[in-house]
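Visitor: I've got a protein model open and I'd like to learn how to read it. Could you walk me through it, one feature at a time?

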Amino acid sequence: MHAALHELDSKSHGGSDRGRLELRCKTLITLALAEFLTSGLTAATGRLTEASVVVEELDDADLRARLEYQRANIMGRAGHLAAAWKGLEGAVERLSAFNPREQCSVHLSKGMLAFELGKPREAVTSFDEAIRIARAHGYRQQERLAMHNKGYVTYLAGDIPRSLHVMAEADAILGDVSQAGEHLDKARVLLEAGLVSDAVDALLTGIHQAPNEGNEQLRAEFDLELARAYRLMGRLDLAAAAAASSRAGYLRIGAEAWTTRATLIELSIDLDRQRRAPRELPTTRAGSVQLDVHAGNETEAASVIADRMVRQAEELGHPELADQARVVAGEARLLMGDVSGARERLLVPRRSAPGSLADELNTAAVTAAMHVAAAEPTLARRLLSSAVKRLAAGQQGSASLDLRTARAVHGVRLAAIDLDLAVPRGSGAVLETLERWRSATDHLPSLDRSVDARLADLTEALRSARTQQRTEVDPVASFELQRRATGLEQQIRARDWALSSRSDAAAAVPVRVREARQALVGADRDLLWLFAYRGRLCGVGVIDGRSRLRDLIDLAEVIELARRIRLDLRAAATQQAGPLTAMVWRSLESDAARLDDAVIRPWRTRHEGLVLVTTPEVSALPWALCPSLVGRPLTIARSLTSFARRSLATSEAGPLRDPTSQQGDSTPWNSVQVSIGPGLARAAGEGTAVEAAWRRTGTAVTLANPSTRVGLVQALTARRVVHVAAHGTHQTQSPLFSSLALHDGPVFAHELQPTGVAAEHVVLSACDVGSATFRPGDEQLGLAASIFSLGAGSVVAATAPIPDDVAAAVMTAHHESLARGAASDEALALAIASTDPVAAAFLNLGGRFVP
């Protein structure tokens, strides 16, 4: 480009040589963008000034339109949005100056700038026009880009499922040719959705695809999003490094507004470090909690810098950025102990609409912390109440469990502040607070999405790969099958996200905490809700109708205790210990007794059974091995109201879902299906015994052996009780691909989403499928968790491998008790107590099924 300009300048400078001047002007316009990307705004501005001299000399309206379009493009990249918008509007008015391909680019640029300025409707209009022109002229790449950008705007408008759907349509236009920028946009959407690990993967892939040279701005954008992602993960060192790299990149090219963005992220990360430092929160008047804040040079500097950036953002015509800077400045003042200074910055009316739910909730968290520090607990609680409703609303509208469980990451800090406020007020306040945040996401997903052929094809391909992998003996072939299966899982998840639904979730039976506590008494059950708090495992209990709050055990100690119990149980169940079996069991029993002493016995529970709400640190434990719980009915519930709602639904009000709309045959709803998978020597006998137990009561029973995926999915929507005896797998990294092995291949958790589950009691006689992968906000994913989330009243599943003979014995005993009228938690407790202790790996999850 420089050589071409030199060649033009070396020729005659005769004023009549109009063609040479036009070419020189176009070269300067193109060179301006190249120099902006490599040398920054000052160099680019110089080239634009040179070009404007030529334009004035020629008095060419078309060249002027091209010049203003390029100026707008560069100013937009530099963050001078108001100037960029003015230039683009002029370019659109003189659209005839551009050929059709360039017209697409003009509309694309205007659309991009419109959503930067918070004008989503104008952005969609511009992208739709670009799509129209591209389709008319067969410009597939431009059509893909416009469609992709339309999807990104849809995300900015708050519809993440729809955004991912439109982006998936864009991907389909040219197939697997994603550019680095597309990965960047998708990562931003995934971050807003709470799918942080997926966002990091997309960012790293995009960085790998981006050219190494001449893309300073693009790399800075990737680093900025990596900083945000690592911050959400709590990996603050990585976040700080990425933010610093981003800021340096933007600074080199003179992109002021983007430099400000990166600097604000850096400051926020530094403030996170200070805020997360261990501290005590003494109570103050009115039962509020006074934040233990401290002044420091770094914090004061952060406040000064953020204040300066408020002014800079306003000068650049960027109100959203100014609002974000005020929040950072306010938090810095708060950490310095300057509550009035924080109030002055945080309670200024916003100049812009919230950029995203994540930003909105972050602002709410900082503002609530300010009210706490100001001894204004009522205002803080009011704000937190609004925030939890906003979080719940943000999780609606998707049929994807993956999406619905991920977004809770944005509410973690708010929930912690709410808990800080509740603890000094006692057990009742703590119970209400824990319930409020847990139940915000406890809704049945919508089930009105249509069958998707692409998703079905991908799932069948994955089923085939997994089936082949189980029998493949060649390690090279097995590795290739694993690689293929992993790729298919990624494609299925992306397709699942894209299948959006804007309808509301199925209505759940409304239950308030007060009503739920009465339901406990009616069921003769006590409640124990465990939660992590300031390095301790604490609990709130409802014992004999009265609530209590206790500090139980050091969190690190109980984490190590739980780890040993899980390992010992697995060793005992799989008989890996050999001659050390006796030693393993002594260790297991000793640790279970220690767990019992620390966590269960202090409550002195009075009712027959217990409802236990766990936290990730102590999840998936064989609680029935605790001495005080041997033989006692136990239910592991998601929350108090969740237990009450499901228990009431199955005992009084009928199923959570109306099964009649799903039923495809004449089998009565009050019936049982038993499905038997392949490769289990005792499964057929187990199935026959379960069938006989119910048939003796006159209940209609279907024994499916061989079993099929379609048959099981239908049974889960049409039968009251479903029992499956099959090999099971919990996928820790990809929990929605946890599966049961049936005769026509594995059935995956994600396949149950379109139809949901209407069965009141589902029994999974399979290894490990009671385990779950936890996400921030204590959201769970796994096979049993998915079945429960999709509508089942209760689920029995194992959290560890179970020997075939033990599984057959305990499941037979469980169903025999159910058939005699025992509730599901009672039946399981009796079955475990009457068989092998390793059967304690089976848990009754969700609710209490009463036949």
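Visitor: Let's start with helix 2 and helix 3. At what angle do their axes cross?

Guide: Keep in mind that this is a predicted model. As for the general idea, two packed helices are described by the angle between their axes and the distance between the axes. Here, helix 2 (residues 18–39) and helix 3 (residues 41–58) have axes that cross at roughly 165° and come within 7 Å.

Visitor: Does that make helix 2 roughly parallel or roughly antiparallel to helix 3?

Guide: Roughly antiparallel. The cut-off is an angle over 145 degrees, and the crossing of roughly 165° is why helix 2 counts as roughly antiparallel to helix 3. The crossing is also left-handed.

Visitor: Which residues make the contact between helix 2 and helix 3?

Guide: On the helix 2 side, look for Leu21, Cys25, Leu28, Ala32 and Phe36, among others. From helix 3, the residues include Leu41, Ala44, Leu48, Ala51 and Val55.

Visitor: Let me try another pair. How do helix 7 and helix 8 cross?

Guide: Helix 7 (residues 120–137) and helix 8 (residues 140–156) cross at roughly 165°, and their axes come within 8 Å. That makes helix 7 roughly antiparallel to helix 8. This crossing is left-handed. Among the residues in the contact are Val124, Phe127 and Ile131 of helix 7, with Ala146, Met147 and Val153 of helix 8.

Visitor: Now a single residue. Is Asp185 buried or exposed?

Guide: Buried: its relative accessibility is 8%, and the cut-off for buried is under 20%. You'll find Asp185 in helix 10 (residues 180–193).

Visitor: What does the side chain of Asp185 make a polar contact with?

Guide: With the side chain of His148, at 3.0 Å. If you skip residues up to four places away in sequence, Asp185 touches His148, Asn149, Tyr152 and Met167. One of those, Asn149, also belongs to the helix 8 side of the contact with helix 7.

Visitor: Which residues does Val200 touch?

Guide: Leaving out residues up to four places away in sequence, Val200 touches Leu226, Ala229, Tyr230 and Met233. Val200 lies in helix 11 (residues 196–209) and is buried, with a relative accessible area of 7%. For a distance to check on screen, the C-alpha atoms of Val200 and Ala187 are separated by 7.1 Å, while the two residues are 13 residues apart along the chain.

Visitor: How far apart in space are Leu458 and Arg495?

Guide: Their C-alpha atoms are 9.2 Å apart, with 37 residues of separation in sequence. Leu458 touches Arg495, as well as Leu488, Gln491 and Ile492, again not counting residues up to four places away. Leu458 sits in helix 23 (residues 453–471) and is buried at 5% relative accessible area.

Visitor: What covers the buried residues of helix 30?

Guide: The cover includes strand 6 (671–676), strand 8 (721–725), strand 10 (739–742), strand 11 (745–748) and strand 12 (761–765). The buried residues of helix 30 (residues 709–718) are Leu712, Val713, Ala715, Leu716, Thr717 and Ala718.

Visitor: Now for the backbone. Where is there a cis peptide bond?

Guide: Most residues other than glycine have a negative phi, and most peptide bonds are trans. In this model, a cis peptide bond joins Asn705 and Pro706, with omega about 15°. Pro706 is in the loop between strand 7 (700–704) and helix 30.

Visitor: And which residue has a positive phi although it is not a glycine?

Guide: Asp544 is one, with a phi of about 55°, in the loop between strand 2 (536–543) and strand 3 (546–554). Asp544 is partly exposed at 37% relative accessible area. Ala620 also has a positive phi of about 55°, and its place is the loop between strand 4 (609–613) and strand 5 (634–636). Ala620 is partly exposed, at 25%.

Visitor: Zooming out, how many helices and strands does the chain have?

Guide: It comes to 33 helices and 16 strands. Buried residues make up 58% of the 851 residues. Among contacts with a separation of 6 or more, 72% join residues 24 or more positions apart.

Key
Residues are numbered from 1 along each chain as its sequence is written. This is a predicted model: local features need pLDDT of at least 70, side-chain atom pairs count only at pLDDT 80 or more; totals for chains, interfaces and linings use all residues. Side-chain values use heavy atoms; hydrogens and water are left out. Helices (H or I, at least four residues) and strands (E, at least two) are DSSP runs, numbered from the N terminus. Buried means under 20% relative accessible area, exposed over 50%, partly exposed in between (1.4 Å probe, protein chains only). Contact means heavy atoms within 4.5 Å. A polar contact is a pair of N or O atoms within 3.5 Å; within protein, one must be able to donate a hydrogen and the other to accept it, and residues adjacent in sequence count only if both atoms are side-chain atoms. Axes are lines fitted to C-alpha atoms, for helices over the stretch in contact, and angles run from 0 to 180 degrees between N-to-C directions. Angles under 35 degrees count as roughly parallel, over 145 as roughly antiparallel, 65 to 115 as roughly perpendicular and the rest as oblique. A crossing is left-handed if the near helix is turned anticlockwise from the far one by less than a right angle, and right-handed if clockwise.
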